[in-house]
Amino acid sequence: MTMTTEIGVDPMTELLRQHEWVSAGCETALGPRMLALVDWVDSKVVEFAIKAGASELPVSRLIDRSVLERAGYFESFPASVVEESDGGCMPPATCYHCYAKLAATSLPEPSIWTCIARCRRNEGKEESGRLQAFTMREIVFVGSAAWVRERRQQWMDSIIAFAQSLHLVVQLDAATDSFFAGGEARGRKLLQQIKGLKFELRAQMDAEGRPLAISSFNLHETFFSRRFGFRLGDGTDAYSGCVAFGLERWALALAVTLGPNQAFRLVE
Amino acid sequence: MSDARDKLLNFINGELLTDPTRRAAPDTPLFENGWIDSLKILKLIAYVELMIGRNIPDDEIVMKNFRTAAVIVQHFGSK
């Protein structure tokens, strides 16, 4: 694994020197070449999504608080949403937009959507790549339990292969969301763990080999379809799943693994 | 061991699966049919903790230890 660049400089130091990764307080800004790398990763994911039959779903910048309430977000992550002045929220994840659009519908066939949004989370941990505001591309699939589980497996296989083709050093780990520690949320976390509902693709981000999740692969069972009232056309329960891509994390993983200059050549 | 297994099954069938059409046998998968929700899993874990006389760390709460009532008793034993 390359953790020094072609000129022998620590890649993170090089990114900072080139003003391609600029930290200011709790915010991080990306330079033009890192932003181009973010767009390049996104274009690849969209390509995969379209090939898989996904429809692009445009979403708004803010999400109604009522959508997050309906999704049970505040029960599980009570301190994690940043309110905006006009009453909307920066979404903590892109896929909530999708469930809101599906509310009270009946799906004639299993379906896949993709959407992208700027998201915000107040995460306590401080480490490279863990941004408070970030761009998340998601693929959402809704169908029968077996169909959704099969889609997730296919996405895990193809995205691991994609990461490895880019020489990223990755591992796929079982994971849980960082639910609020008390009450029923603990039960949701343990159910997630016991049923293998969440996997994360983690990439090494520095010479010490610290991994950071760059994608997650999630099954929701009927949680969102029941909350938002959408069903399959035959009247049976709709199962859902999603794949999330933290695009800045992907770009950073490429820059620190290949070295910034090598990574930037991907977009030339 | 079968005593512990029977007591656990009585708990599962009597306290967790309140719908009379749902009945677990020793080898019934507990997590593949939506019978156990986020509240019931907490009750199940609390019961097993009482049964074995110790707390169960979260990293032991995985499918290979909780797939069925028989597996739970085989893995955790009893007091």
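1. Two packed helices are described by the angle between their axes and the distance between the axes. Helices (H or I, at least four residues) and strands (E, at least two) are DSSP runs, numbered from the N terminus.

2. Some housekeeping before the details. This is a predicted model, in which local features need pLDDT of at least 70 and side-chain atom pairs count only at pLDDT 80 or more, while totals for chains, interfaces and linings use all residues. Residues are numbered from 1 along each chain as its sequence is written, and chains are lettered from A and ligands numbered from 1 in the order in which they are written.

3. Chain A has 10 helices and 11 strands. Of its 268 residues, 41% are buried (20 or more other C-beta atoms within 10 Å of the residue's own; exposed is 12 or fewer, partly exposed is in between, and C-beta atoms are placed from the backbone). Two residues are in contact if their C-beta atoms, placed from the backbone, lie within 7 Å. Among the contacts in chain A between residues at least 6 apart in sequence, 68% join residues at least 24 apart.

4. Chain B is built from 4 helices and 0 strands, and its elements run α-α-α-α from the N terminus on. The C-alpha atoms fill a box of roughly 30 × 25 × 20 Å along the principal axes. Buried residues make up 16% of the 79 in chain B. For contacts in chain B with a separation of 6 or more, 63% are accounted for by residues 24 or more positions apart.

5. From α7(A), the contact uses A:E184, A:R186, A:G187, A:R188, A:L190 and A:L191, and from α2(B) it uses B:S38, B:L39, B:I41 and B:L42. The residues of this contact divide into 5 nonpolar, 2 polar and 3 charged.

6. Is α7(A) largely enclosed or largely open? Since 8 of its 11 residues are buried, α7(A) is largely enclosed by the rest of the structure. The buried residues include A:G187, A:R188, A:L190 and A:L191. Their cover includes α4 (73–76) and β8 (198–204) of chain A, together with α2 and α3 of chain B. After α7(A) comes A:G196, with a positive phi near 60 degrees.

7. On the cores: a nonpolar core is a set of buried Ala, Val, Leu, Ile, Met, Phe, Trp, Tyr and Cys residues joined through C-beta atoms within 7 Å. Of the 66 residues in the largest one, A:L37, A:A251, A:A253, A:L254 and A:A255 touch the most other members. Helix α9 (residues 247–258) of chain A supplies the largest share of this core, 9 residues. Apart from this core lies another, of 16 residues, among them A:L191, B:L30, B:I41 and B:V73.

8. Two loop residues deserve a look. A:H19, in the loop between α1 (11–17) and β1 (21–24) of chain A, has a positive phi of about 60 degrees although it is not a glycine. A:H19 is partly exposed, with 13 other C-beta atoms within 10 Å. A:A104, also not a glycine, has a positive phi near 60 degrees. A:A104 sits in the loop between α5 (95–102) and β4 (106–107) of chain A and counts as exposed, with 8 C-beta neighbours inside 10 Å.

Technical notes:
Ala, Val, Leu, Ile, Met, Phe, Trp, Tyr, Cys and Pro count as nonpolar, Asp, Glu, Lys and Arg as charged, and the others, Gly among them, as polar.
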